[in-house]
Amino acid sequence: MKLVILYMGMLLCGYFTASKAKAHRHRFGFVPKLIMGVAYVMVLVMGMKMGINEQVTSNLGIITLKAIVITVFCISGSMLSVFAVRKGFGMNRYGDVCACRAQEDQGENLLEGEEGNEEEHEKPSESSNSNFKNTLTILILVVLGILIGYFAIARFAGAYLPVFDAFSSNLMVVLLCGLLFLVGFDLGLSGSIIVSMKGMGVRIMAFPFAAIAGSLVFGTVSAMITGFSLKEGLAISAGFGWYTYAPTVIADAGTQHMIASAASFMHNVLRETFGLVSIPIMAKKFGYIESAAIPGVSAMDVCLPIVERSCRQDTVVYSFAIGVVMNIGASVFVPFFINL
């Protein structure tokens, strides 16, 4: 519980610190790069911790399969829950309330128009390319960390392994505090979060909570089926695609959770990747709001341009709400569940 309070405190501290400096936001253009820099160091250290853990290195193939199963269940749970809420509000798959058949037909025509401009939609933006490079860099750093941990630290540190493990755990806490402060600071600089949330209303805010509930229930069931404990299943499912945060919190809870940490990392990377690939398809086949629930926290940033291109512009509001609430939820739920 102390960690939950600490992490949430750092997030809020960053937000309110930045809210006082919004007039000088042009001076803080380096903050997103600094966030990624801290994330890079964090995942490298996390990779080293995985590399020195024999349980993780000897079960990577099985861990990957488990992560795939959990990802499919989490995404399915989020989409089904959002679908149930949408139907409960009497909305069609385009997000219209009490829409008649003519509106359904109009939506189909819009989709056909989008298909006619398919080549234009498929062109990746500079932002998408940058996000892909960041994800690729993080994957490389995790693999590099595992290799360093396995071939260097584990083989040559010997009796000093417990010292390294304790030092790296303390370093993780410091880095996580720094990351959450910077994330809060970046949100505070934009100044649009509170205004946007106030303007959304109760109806729109029901969708993020539905996505969270579906992900937790379905994900936890799948995690327990694949051999994780209840609290590990809850913590893995509560990552909501935040692969630079959730796995490090789980790893910091003790070496007994290193396999869960590895599965969490792979699951969260898969969730964001699946979102990048499948949002255009799922938007057409199932529904606009459901597709925004696929990537979890990335619905507010990395996947937001894809939601905008694949759906209507008003769907961006739902996507943003889902991403923001899941971001806050992950920062609270992951440390809470793993430390039960």
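1. Phe-265 touches Met-46, Met-50, Ile-138, Leu-139, Val-142, Tyr-243 and Pro-247, leaving aside residues up to four places away in sequence; contact here means heavy atoms within 4.5 Å. The model is predicted, so that local features need pLDDT of at least 70 and side-chain atom pairs count only at pLDDT 80 or more, while totals for chains, interfaces and linings use all residues. Residues are numbered from 1 along each chain as its sequence is written, and side-chain values use heavy atoms, without hydrogens and water.

2. The largest nonpolar core holds 90 residues, of which Tyr-7, Met-50, Phe-240, Tyr-245 and Phe-265 touch the most other members. Such a core is a set of buried Ala, Val, Leu, Ile, Met, Phe, Trp, Tyr and Cys residues joined through side-chain atoms within 4.5 Å. Helix H8 (residues 161-190) gives the most to this core, namely twelve residues.

3. The protein has 15 helices and zero strands; these are DSSP runs numbered from the N terminus (helices H or I, at least four residues; strands E, at least two). Of its 340 residues, 51% count as buried, that is, under 20% relative accessible area with a 1.4 Å probe, protein chains only. Among contacts between residues at least 6 apart in sequence, 81% join residues at least 24 apart.

4. Helix H15 (residues 315-338) bends by about 30° at Ala-330, the angle between axes fitted to the seven residues ending there and the seven starting there. Because 19 of its 24 residues are buried, H15 is largely enclosed by the rest of the structure.

Methods
Buried < 20%, exposed > 50% of the residue type's maximum accessible area, 1.4 Å probe, protein only.
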